[in-house]
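Student: I would like to go through the labels used for this model. Please set each value against its cut-off.
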Amino acid sequence: MDFVDIIKKIIDQNVRISICYGVVTATNVSPNSVDIELSGSSTSVTDVRYLASYSPSVSDVVVCLVNKGDVLVLGDLA
């Protein structure tokens with residue numbers, strides 16, 4: 001399955017994915033996850049998974065995908 005197939009599947013299923021920013025408030029070792037505060041919120045979201053290519057640090061400003069209640073950190077802003 002390539003990128004185009006994934007996008008078609010998302011469209012067919014009427015999935016609403018949004019992109020937002022957040023700030024890392026804590027890093028966790030087991031499992032590898034972070035706690036983040038999403039833009040516009042003062043509440044932390046805990047145990048958020050991130051891509052293997054990202055090495056998180058507290059105070060990183062990150063780009064996140066949000067699908068309903070699921071959040072995935074894609075990486076930090078340069």
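Tutor: Start with burial. Buried means under 20% relative accessible area, exposed means over 50%, and partly exposed is in between (1.4 Å probe, protein chains only). The model is predicted, so local features need pLDDT of at least 70 and side-chain atom pairs pLDDT 80 or more, while totals for chains, interfaces and linings use all residues. Residues are numbered from 1 along each chain as its sequence is written, and side-chain values use heavy atoms, without hydrogens and water.

Student: Why is Ser18 called partly exposed?
Tutor: Its relative accessible area is 35%. Ser18 sits in strand β1, residues 17–28.

Student: What makes a run of residues a strand or a helix?
Tutor: Both are DSSP runs, numbered from the N terminus: helices are H or I with at least four residues, strands are E with at least two. The chain has 1 helix and 5 strands. Their order from the N terminus is α-β-β-β-β-β.

Student: Which residues does Ser18 contact, leaving aside neighbours within four places in sequence?
Tutor: Cys64, Leu65 and Val66. Contact means heavy atoms within 4.5 Å. As for Val34, 16 residues along the chain from Ser18, the two C-alpha atoms are separated by 19 Å.

Student: How do you know whether Ser33 is buried or exposed?
Tutor: Ser33 has a relative accessible area of 0%. Buried requires under 20%, so Ser33 is buried. The residue belongs to strand β2, residues 33–38. Not counting residues up to four places away in sequence, Ser33 touches Thr27, Asn28, Asp47, Val48, Arg49 and Tyr50.

Student: And what makes Thr43 exposed?
Tutor: Its relative accessibility is 52%. The cut-off is over 50%, so Thr43 counts as exposed. Thr43 lies in the loop between β2 and β3, the latter being residues 44–50. Leaving aside neighbours within four places in sequence, Thr43 contacts Ile36, Glu37 and Leu38.

Student: Why does Lys68 count as exposed?
Tutor: Its value is 78%, and exposed means over 50%, so the label holds. Lys68 is in the loop between β4 (61–67) and β5 (70–76).

Student: What is phi of Lys68?
Tutor: Phi is near 55 degrees, a positive value in a residue other than glycine. Asp47, in strand β3, also has a positive phi near 55 degrees. Most residues other than glycine have a negative phi, and most peptide bonds are trans.

Student: Where is there a cis peptide bond?
Tutor: Between Ser30 and Pro31, with omega about -5 degrees. Pro31 is in the loop between β1 and β2.

Student: What makes Phe3, Val4, Ile7 and Ile11 a nonpolar patch?
Tutor: Nonpolar side chains (Val, Leu, Ile, Met, Phe, Trp, Tyr) are joined within 5 Å, like charges within 9 Å. Take Ile7, in helix α1, residues 3–12. Ile7 has 35%, so it passes the 30% cut-off and is partly exposed. Together the four have about 420 Å² of accessible area, by the Shrake-Rupley method with a 1.4 Å probe, where only the protein chains shown count as cover for residues.

Student: How many residues of the chain count as buried?
Tutor: Of the 78 residues, 26%.

Conventions
A salt bridge is a side-chain nitrogen of Lys or Arg within 4 Å of a carboxyl oxygen of Asp or Glu.
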